[in-house]
Amino acid sequence: MKTATILVAAFLGTLIRDVIPYSGCGFSNNSDEGQAKKCPDKDIQEVVLEFPPYMILSDEENEATFDRGIVFEYIQSIFKDCCKGEDARVETEALHLESDYFMTELHDADIVFPVDEALEDELTTSGVSYAFYDIVHSPGYVLIDRMDQYNRKVKSLVLKSLYDSWPIFVLIFLLTGIAGVLIWALEYHVRNEDFPLKFKRGSCEGFWWAFISITTVGVLWILIGLVVITMFTATVTSALTNTALPEFTNTLEGMKVGVLEKDFEAEEEARYIEANPLSYRNVADLNAALSSEKVEGIFMERIQTYYYYKDSNDENLRIFKAINAKISYKIALKTNTMQQFIDGNSCIKRRLEHPLIDQIIKNYTKPMKAHRVRVELSCPEFKAYALITRPLRLAVRLTNH
C-alpha cells in the first residue's frame, strides 16, 4: 500500500512539473512573471535614419514610410520567423538629425538604426541601457571613375612625360654631330671618297656614319648608344608605368572625390587618406559632377555602390580602387523593453548575434565591374601598348612603321 502511494505521488509530481507549465493553462512563457517573455505582446517602436540600401524611404500618398531595405527586411524577418502567430509588429519611423525632438524620439524607441561610434557613445551615456549588435559588415570603400576621362588623362600624362624627355634627344644629336665632325676631320684627307672635302657635305656624311655606328657597329659607339637609347627606353617605360594608374593604384592624396551628403564615415575616411572630399545630395549629382570633371572620382562604401549602380548601363563607369576598411553597422536595442525577448527567445538571440543577411544583400545589389585599361599611343617612330589589369601587369611593345 505504501509503495503504491509513493508511486502515485511521484507520478503527480512529475505531471505538475513537466506537463502543466506547457498546457496553456495560464503558465505560458509569455505570461509567467518569473520567466523571460519570448515574444513582444505589443508593437515594437523602431526609429531609423534613411540609409539606402539598408533603410529605404518610400513616398506613398505624400507620406514617407520605410517599406524596404536590407536591415529593414532582416529585422522584420527576425520577429516574423521567431515569433510566429504573434500579433506584435515592428513599427518603423524616420529619424531626422535636424529635428528638435531628435533625442526624445531616440530615447522613446525600442530599436535604433544605424548606430555609429558617436551615436553609440551618446546612447551609452544617456542614462538608458542599450544592447548593441553588429548587423551588417561591409568590406570597405571603392573609388569610381569614368573610363573615357581616365584614358584621356593617362594619354596626356604619358605624352607630357615623353615631351619632358627632350634633353635625351638633344644629347643624342649633339653627341652624334660632334662625332660626325671629328671623324670627318680625321678621315677626309685619306678617305675622301667616303668623306668629301667640303665641310657641309663631309660633316653630314660623318653624322650619318656616327649615327649608324652608335646603333649598329663599333664597340665604343655601341656602348655610348646603348646608354643613350637605354635612357630613352627607360623614360618611355617609366612614363607608361607611373602614369597609367597614377592616382588610383598608388595614392588618393590630393584627389577631389565626391561623397554622399551626410555620409560622415565616407567623408572621414576620404580625409584620412588625404583626399579632398566634396559632398553632394544624391547619386545623380555625384554622377553629374564626375561627368563635368568637378571631381576626379566617386568615393563610396562598397555595398552602397553595388546598390546604386546595379541597374546602370553606363559602360564607362568602373571601380578603380578598393580601400579595405572595417565597417560595421549596428542596431541598438533598449534593454528594459527588448532584452527579455532576447534572453527568452534563442531564435531572436541567435539571429542578432550571428546575422544571416548575405542573401538579402545579394537581392539588393549587383557587383560593379573593375577597371581594365588599354593605353595606345601613336607616335611617328613607334607605337606603345600598355595593358593594365589587377594585379598590375605592364606589357610594352615597340614596333617600327
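## Basis

The model is predicted: local features need pLDDT of at least 70, side-chain atom pairs count only at pLDDT 80 or more, and totals for chains, interfaces and linings use all residues. Residues are numbered from 1 along each chain as its sequence is written, and side-chain values use heavy atoms, with hydrogens and water left out.

## Overall fold

The protein has 14 helices and twelve strands. Helices (H or I, at least four residues) and strands (E, at least two) are DSSP runs, numbered from the N terminus. The chain has 401 residues, and 39% of them are buried. Buried means under 20% relative accessible area, exposed means over 50%, and partly exposed lies in between (1.4 Å probe, protein chains only).

The accessible surface is about 23,700 Å². Carbon and sulfur atoms account for 55% of that surface. Areas come from the Shrake-Rupley method with a 1.4 Å probe; for residues, only the protein chains shown count as cover.

## Nonpolar cores

A nonpolar core is a set of buried Ala, Val, Leu, Ile, Met, Phe, Trp, Tyr and Cys residues joined through side-chain atoms within 4.5 Å. The largest one has 51 residues. Phe 79, Phe 113 and Phe 299 have the most contacts inside it. Helix 2 (residues 70–82) gives the most to this core, with eight residues. A second, separate core has 16 residues, including Tyr 280, Met 300, Tyr 306 and Ile 319.

Beyond residues up to four places away in sequence, Phe 113 touches Val 47, Val 48, Leu 49, Phe 51, Tyr 54, Met 55, Val 71, Ile 135, Tyr 329, Lys 330 and Ile 331. Thr 305 sits in helix 11. Thr 305 counts as buried, at 0% relative accessibility. Leaving aside neighbours within four places in sequence, Thr 305 contacts Val 142, Ile 144, Met 300 and Met 368.

Which residues of helix 13 (residues 346–353) are buried? They are Cys 347, Ile 348, Arg 351 and Leu 352. These residues cover an arc of only 125° around the axis, so they lie on the same side of helix 13. The arc is that of the directions from the helix axis to the C-beta atoms. An α-helix has 3.6 residues a turn, so residues three or four places apart point the same way. The buried residues of helix 13 pack against helix 2, strand 6 (130–146), strand 10 (317–334) and helix 12 (335–344).

Leu 356 counts as exposed, at 64% relative accessibility. Residues up to four places away in sequence aside, Leu 356 touches Tyr 74 and Arg 351. Leu 356 and Ile 78 are 278 residues apart in sequence, yet 10.0 Å apart in space, C-alpha to C-alpha.

## Salt bridges

The structure holds eight salt bridges. Each is a side-chain nitrogen of Lys or Arg within 4 Å of a carboxyl oxygen of Asp or Glu. Arg 351 pairs with Asp 81, the closest N and O atoms being 3.5 Å apart. Arg 351 lies in helix 13 and Asp 81 in helix 2, so the pair ties together parts that are 270 residues apart in sequence. Arg 351 is buried at 14% relative accessibility, whereas Asp 81 is partly exposed at 38%.

Arg 146 and Asp 148 also form a salt bridge (3.5 Å, N to O). Arg 146 is buried at 12% relative accessibility, and Asp 148 is partly exposed at 27%. Lys 369 and Glu 315 meet at 3.4 Å, N to O. Lys 369 lies in the loop between helix 14 (358–364) and strand 11 (373–378), and Glu 315 in the loop between helix 11 (302–308) and strand 10, so this pair ties together parts that are 54 residues apart in sequence. Lys 369 is partly exposed at 49% relative accessibility, as is Glu 315 at 48%.

## Surface patch

Trp 166, Val 170, Leu 174, Ile 178 and Leu 182 make a nonpolar surface patch of about 520 Å². Patches are made of residues with over 30% relative accessible area and no salt bridge: like charges are joined within 9 Å, nonpolar side chains (Val, Leu, Ile, Met, Phe, Trp, Tyr) within 5 Å. Val 170 lies in helix 6 (residues 166–187). Val 170 is partly exposed, with a relative accessible area of 45%.

Note on methods
Contact means heavy atoms within 4.5 Å.
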